[in-house]
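Hi everyone, thanks for making time for this one.

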Amino acid sequence: IFGGLVLDVKRKAPFYWSDIKDSLNLQCLASVLFLYCACMSPVITFGGLLGEATKGNISAIESLFGASLTGVSYSLFAGQPLTILGSTGPVLVFEKILFKFCNDYGLSYLSLRTSIGLWTAFLCILLVATDASSLVCYITRFTEEAFAALICIIFIYEALEKLFHLGEYYPVNMHNNLDNLTFYSCQCSPPTNASDQLLQRWNQTGYDSSDSVPWSSLNVSMCKLLHGEFMGPACGHHGPYIPDVLFWSIILFFTTFFLSSFLKQFKTERYFPTIVRSTISDFAVFITIMIMVVVDYLMGIPSPKLHVPDRFEPTSKHRGWLIDPLGENPWWTLLVAAVPALLCTILIFMDQQITAVIINRKEHKLKKGCGYHLDLLIVAIMLGVCSIMGLPWFVAATVLSISHVNSLKVESGCSAPGEQPRFLGIREQRVTGFMIFTLMGCSVFMTSVLKFIPMPVLYGVFLYMGASSLKGIQFFDRIKLFGMPAKHQPDLIYLRYVPLWKVHVFTLVQLTCLVLLWVIKASAAAVVFPMMVLALVFIRKLLDFMFTKRELSWLDDVMPESKKKTEDDKKKKAQEKLEEESRLEEEEECKLKVCFDGSNRLTIPVNSFSGSQEKVACVRVDVSPDSPGEGSTTETFL
């Protein structure tokens with residue numbers, strides 16, 4: 001019991017002090033600033049969606065507090081502190097279903113949620129005690145790449161979706177006539193049918209009837225408050241057309257993405273010394289955000305900004321920071337809560353461990369080891385704490401974790417301009433995660449600064465993270481092979497040993513699994529998403545009947561592509577060297593013998609008297625009739 005946990009602690013404890021010392025680098029500061037901006041928006045957005053789903057029982061301030069508390073604890077005590085915790089879509093779906101269930105049956109939502117959370121924490125600790133995390137050996141590249149690809153695609157899709165949704169809040173007139181611009185106007189007018197409830201609202205605002213309201217002089221917010229109707233050629237369905245904001249948001253979005261990508265690659269440019277290029281590359285995203293904030297401020301266009309709660313108190317006045325697991329619910333709810341807790345346990349376990357496997361890949365060249373059991377224990381403990389405090393649950397976030405690792409890559413610093421630097425490893429430490437979530441907790445007191453950050457800029461950062469995290473996923477390299485002629489295909493190691501049609505079959509199976517995961521996650525059945533991720537492991541085992549072990553070792557091996565290719569090249573060189581040595585041995589056997597090599601060439605080995613090195617002399621003998629030695633035999637002419 002707890003054998004794996006003890007080994008994790010023994011493995012990680014000697015590196016604890018170095019985890020602090022290794023953070024004393026400018027690159028870590030750049031990583032903190034980048035990930036802080038990247039983590040803030042999804043946490044606040046998730047809190048807002050949770051507030052809508054639970055009618056304010058859990059909202060943005062609880063999400064900020066929970067993320068900060070869980071992230072700081074995880075960074076300090078986890079086995080793999082490079083992992084970044086975040087919220088997940090299936091958790092939100094589960095919260096919606098649970099809240100609706102409690103409303104339908106008259107149960108206390110927060111109390112039942114606390115019971116489920118405590119059961120989930122207990123089951124996760126039980127998994128730690130039984131060393132269930134050792135099952136990650138069955139999570140091969142097939143499973144982890146399908147999962148990582150799905151999360152990256154979701155990041156990209158949601159970034160674009162949020163950008164397009166701005167068109168609903170800031171509508172554009174698609175049928176403009178430039179000659180009639182002077183006639184365009186939009187005014188507030190009274191509603192056609194005023195209900196009794198509407199009349200009561202008007203009375204509350206100081207107006208007795210519709211005639212007493214100065215409709216034509218009301219601004220947009222007051223017109224919406226009094227449920228007026230917008231009339232005029234410059235009006236859309238929800239208010240006046242606002243073309244500048246939408247187009248400016250699109251400019252901010254794509255400029256952020258392209259500028260971040262350009263500055264990240266600045267290390268390989270031909271300008272400035274190496275230290276300058278490296279610093280610009282490390283701070284690429286933060287520099288981009290600062291530039292976009294300044295440009296947006298100078299333009300003065302009212303783009304949507306990041307909204308952070310400015311008071312540290314529960315959103316709902318009917319709750320505190322500690323929740324009773326029983327509350328007003330019947331006693332049997334404490335026992336029944338174990339059933340949905342099983343589903344939550346699978347969700348937490350699969351999300352956490354697949355992300356951990358991706359972070360601990362061999363191509364990242366991590367030197368301080370992993371800690372799957374310790375990671376799950378910290379997540380379980382904090383899940384129980386968040387349940388008692390009525391805070392959202394947080395688990396490993398795949399894209400944020402990959403972005404964290406990518407921001408801490410250590411590369412050779414002596415590369416010449418235009419030369420690709422050599423990857424050396426990852427700067428493994430605990431301080432970046434600790435600082436990211438500490439700043440997140442202090443965000444309540446920094447609203448005066450954060451309110452200047454445009455939301456389209458953060459959406460552009462999401463697009464950048466999703467796109468950059470796709471790099472290095474072998475699955476996408478294999479998809480490209482479908483439309484690539486054989487003569488233009490790159491020298492990939494698996495193409496040397498696996499037939500191309502079998503590579504395509506393997507890719508199609510993986511692509512089918514990805515599409516099924518997407519359909520389930522986007523549907524009402526998203527709550528069973530973790531079960532489908534678990535099913536990927538069994539689908540991978542079925543491939544053993546379609547492919548040989550040798551073929552799967554090339555397609556699904558955990559060893560990185562570059563390392564496999566290097567080892568294969570070494571084997572080929574060793575084989576060539578062996579063949580060369582055998583040829584020399586054959587020539588040595590011809591010593592003191594006259595050997596014919598063809599019809600008119602003699603090979604005569606000559607021993608050197610000054611040393612042990614052997615010399616070979618070749619004499620060409622012309623025996624044609626026109627030669628001076630016509631009629632002579634080969635022996636007499638020689």
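Let's begin with aspartate 19, which is buried, with a relative accessible area of 2%; buried here means under 20% relative accessible area, exposed means over 50%, and partly exposed is in between, using a 1.4 Å probe and protein chains only. Before I go on, a word on where this comes from: this is a predicted model, so local features need pLDDT of at least 70, side-chain atom pairs count only at pLDDT 80 or more, and totals for chains, interfaces and linings use all residues. Residues are numbered from 1 along each chain as its sequence is written, and side-chain values use heavy atoms, with hydrogens and water left out.

So, which residue does aspartate 19 meet in a salt bridge? The partner is lysine 368, at 2.8 Å from N to O. For the cut-off, a salt bridge is a side-chain nitrogen of Lys or Arg within 4 Å of a carboxyl oxygen of Asp or Glu. Aspartate 19 sits in helix α2 (residues 16-21) and lysine 368 in the loop between α14 (338-359) and α15, so the pair ties together parts that are 349 residues apart in sequence. Helices here are DSSP runs of H or I with at least four residues, strands are runs of E with at least two, and both are numbered from the N terminus. Lysine 368 is buried as well, with a relative accessible area of 9%.

Another of them joins aspartate 8 and arginine 11, at 2.7 Å from N to O. These two are 3 residues apart in helix α1 (residues 3-12), and therefore separated by about one helical turn. Is each one buried or partly exposed? Aspartate 8 is buried, at 3%, while arginine 11 is partly exposed, at 32%.

Then there is aspartate 544 with lysine 541, at 3.6 Å from N to O. Here aspartate 544 is partly exposed at 33%, and lysine 541 is partly exposed at 41%. Back with our opening residue, salt bridges that share partners join Asp19, Asp22, Lys368 and Arg430 into one network.

Now for the helix packing. The axes of α4 (residues 60-77) and α15 (residues 372-389) come within 10 Å and cross at roughly 155 degrees. Axes are lines fitted to C-alpha atoms, for helices over the stretch in contact, and angles run from 0 to 180 degrees between N-to-C directions. The two helices are therefore roughly antiparallel, a label for angles over 145 degrees. On the α4 side, the residues meeting α15 include Phe65, Leu69 and Phe77; on the α15 side, Ile378, Met382 and Met389 are among them. By class, this contact has 11 nonpolar, 3 polar and 1 charged residues. Nonpolar covers Ala, Val, Leu, Ile, Met, Phe, Trp, Tyr, Cys and Pro, charged covers Asp, Glu, Lys and Arg, and the others, Gly among them, are polar.

One more lysine: lysine 502, in helix α22 (residues 500-522), is buried at 14%. Leaving out residues up to four places away in sequence, lysine 502 touches Met546, Phe547 and Glu551, where contact means heavy atoms within 4.5 Å.

Finally, the whole chain: there are 26 helices and 9 strands, and of the 638 residues, 46% count as buried. Thanks, and over to you for questions.

Terms used:
Angles under 35 degrees count as roughly parallel, over 145 as roughly antiparallel, 65 to 115 as roughly perpendicular and the rest as oblique.
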